[in-house]
Amino acid sequence: GPGSKKFPTASDETKFIFDQFPKARTVQVRKEGFLGIMVIYGKHAEVGSGIFISDLREGSNAELAGVKVGDMLLAVNQDVTLESNYDDATGLLKRAEGVVTMILLTLK
């Protein structure tokens, strides 16, 4: 009825990202104590504000998986980070365990 919310299933939650950002890509990184990435909250002319990869530990799993400095972080596992602030995003990355699936967008 009116006002009832239909929540998408977990697998659909990030699906719209690829509609919105056709060039987005999925990267899987095995977390071994740390992911090897640092993020910042920033703005980009093309996409507006969001969470961006600011630094990569050399030789880390993230770097080997193809994460690049400047990539926009769109999701961590099933959590969409498009509307996240810095604390939300770093919290998700800290809590994530095992193989972490990130959706990233490389901006030129």
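Where does Ser84 lie?

First, some ground rules. This is a predicted model, in which local features need pLDDT of at least 70 and side-chain atom pairs count only at pLDDT 80 or more, while totals for chains, interfaces and linings use all residues. Residues are numbered from 1 along each chain as its sequence is written, and side-chain values use heavy atoms, with hydrogens and water left out.

Now the answer: Ser84 sits in the loop between strand E5 (79-80) and H3. When I say helix or strand, I mean DSSP runs numbered from the N terminus: helices are H or I with at least four residues, and strands are E with at least two. Ser84 is buried, because its relative accessible area is 8%. Buried here means under 20% relative accessible area, exposed means over 50%, and partly exposed is in between, using a 1.4 Å probe and protein chains only. Setting aside neighbours within four places in sequence, Ser84 is in contact with Tyr41, Ile51 and Ala89. Contact means heavy atoms within 4.5 Å.

Let's step back to the whole chain. It has three helices and six strands, and from the N terminus the order is α-β-β-β-α-β-β-α-β. Of its 108 residues, 38% are buried. If you take contacts between residues at least 6 apart in sequence, 63% of them join residues at least 24 apart.

How do the strands line up? Strands E1 and E6 pair in the antiparallel sense over six bridges, and E4 and E6 pair in the antiparallel sense over four bridges. For two strands to count as a pair, DSSP must find at least two bridges between them. To find these pairings on the screen, look for Arg30 opposite Val99 in E6, and for Leu73 opposite Leu104 in E6. E6 is also mostly covered, with five of its seven residues buried.

That brings us to the inside. In soluble globular proteins, nonpolar side chains tend to be buried together. Here, the largest nonpolar core has 19 residues, and those with the most contacts inside it are Ile37, Val67, Leu73, Leu93 and Met102. At least two residues of this core come from each of strand E1 (25-30), E2, E3, strand E4 (72-76), H3 and strand E6 (99-105). Apart from it lies another core, of 11 residues, including Met72, Ala75, Leu82 and Leu105. By nonpolar core I mean a set of buried Ala, Val, Leu, Ile, Met, Phe, Trp, Tyr and Cys residues joined through side-chain atoms within 4.5 Å.

Which residues does Met102 touch? Not counting residues up to four places away in sequence, they are Arg25, Thr26, Val27, Val29, Ile37, Val67, Leu73, Ala75 and Leu93.

Let's pick Val27 from that list. Val27 is found in strand E1, and it is buried, with a relative accessible area of 4%. Leaving out neighbours within four places in sequence, Val27 is in contact with Ala65, Val67, Val100, Thr101, Met102 and Leu104. Val27 and Ala65 are 38 residues apart in sequence, yet 6.5 Å apart in space, C-alpha to C-alpha.

Lys68 is in the loop between helix H2 (61-65) and E4, and counts as partly exposed because its relative accessibility is 46%. Its contacts, leaving aside neighbours within four places in sequence, are Arg25, Ile53 and Leu56. Asn77 lies in the loop between E4 and E5 and is partly exposed too, at 29% relative accessibility. Its phi is near 50 degrees, a positive value in a residue other than glycine.

Last stop: the largest pocket. How much space lies in it? About 330 Å³. A pocket is found on a 1 Å grid over the protein atoms alone: it is an open set of points where a 1.4 Å probe fits, with protein on both sides within 12 Å along at least five of seven lines, and lining residues have an atom within 4 Å of a point. Grid points are joined across faces, edges and corners, and the volume is the space filled by probe spheres set on the points.

The lining has 15 residues, and Phe34, Leu35, Gly36, Ile37 and Met38 lie nearest the centre. H3 gives the largest share, four residues.
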